[in-house]
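Please open the structure in your viewer and keep the selection tool at hand.

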Amino acid sequence: MAMRKTSGLIFLALLAGLVAYYFYPEPKPEGTTIDKLIVLKSERKLLAFSNGKLKKTYTISLGRNPKGDKQYEGDSRTPEGSYTINDKNPNSGYHKNLGVSYPDSEDIRQAKMLGKPAGGAIKIHGLRNGTGFVGKFHRLMDWTQGCMAVTNEEVDELYSSVPLGTPILIEP
């Protein structure tokens with residue numbers, strides 16, 4: 001009987017912790033123009049800067065095969081290197097997205113050496129439409145085809161504060 005009570009208490013504590021994590025508010029860089037983004041793939045972090053000051057750190061999910069630089073279309077890797085935000089789509093299949101200027105000429109050259117297409121359509125995006133309820137729990141695994149995923153609320157923040165042409169450095 002005591003074992004059941006202890007198990008029940010542990011379950012309730014875990015459930016309370018998960019609910020607190022899901023609903024805990026995170027700071028927002030409201031009214032700020034973000035002028036530089038840095039992705040630290042190994043840490044699953046996207047850093048947003050304004051005038052040289054870190055304004056917010058986002059926890060992200062990456063491509064299903066996150067180690068190493070993107071080599072070709074379909075490898076499920078997130079690219080590494082210096083790019084820019086070159087597109088914004090308010091009607092994405094993943095809530096909203098910001099386009100990353102991958103591939104550059106070097107990416108194309110490397111993929112051609114492998115006899116494969118470089119691919120493209122690398123984005124910072126929210127969750128697949130209809131699955132926004134997943135929220136922060138999407139961070140528990142790498143699940144994209146090579147993009148960087150944040151919650152829908154976070155992509156809304158980025159969408160409104162990151163102008164086209166913003167540099168994005170994606171590091172291993």
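Begin just after helix α2, where G115 takes a positive phi of about 75 degrees. Helices (H or I, at least four residues) and strands (E, at least two) are DSSP runs, numbered from the N terminus. This is a predicted model, in which local features need pLDDT of at least 70 and side-chain atom pairs count only at pLDDT 80 or more, while totals for chains, interfaces and linings use all residues. Residues are numbered from 1 along each chain as its sequence is written, and side-chain values use heavy atoms, with hydrogens and water left out.

Next, select residues 105–113, which form α2. At the start of this helix, a side-chain oxygen of D104 comes within 3.1 Å of the backbone nitrogen of E106. E106 also meets R109 in a salt bridge (2.6 Å, N to O); the term denotes a side-chain nitrogen of Lys or Arg within 4 Å of a carboxyl oxygen of Asp or Glu. Because R109 and E106 are three residues apart in α2, about one helical turn separates them.

Now select β1, residues 36–40. Four of its five residues are buried, that is, under 20% relative accessible area, where exposed means over 50% and partly exposed lies in between (1.4 Å probe, protein chains only). Strands pair if DSSP finds at least two bridges between them. β1 runs antiparallel to β2, with five bridges, and parallel to β8, with four bridges. L37 stands opposite A48 in β2, and its bridge partner in β8 is I168.

Move to the hairpin of β1 and β2, where four residues lie between the strands and R44 takes a positive phi near 55 degrees. R44 forms a salt bridge with D142, the closest N and O atoms being 2.7 Å apart. D142 lies in the loop between β6 and β7, so the pair ties together parts that are 98 residues apart in sequence. In the loop between β1 and β2 is also K41, which forms a salt bridge with E80 at 3.0 Å between the closest N and O atoms. K41 is buried at 3% relative accessibility, and E80 is buried at 18%.

Which residues of the largest nonpolar core touch the most other members? Of its 25 residues, they are L37, V100, I124, M148, L158 and I168. Such a core is a set of buried Ala, Val, Leu, Ile, Met, Phe, Trp, Tyr and Cys residues joined through side-chain atoms within 4.5 Å. Helix α3 gives the most to this core, with three residues.

Methods. Polar contact = N/O pair within 3.5 Å; in protein donor to acceptor, adjacent residues only side chain to side chain.
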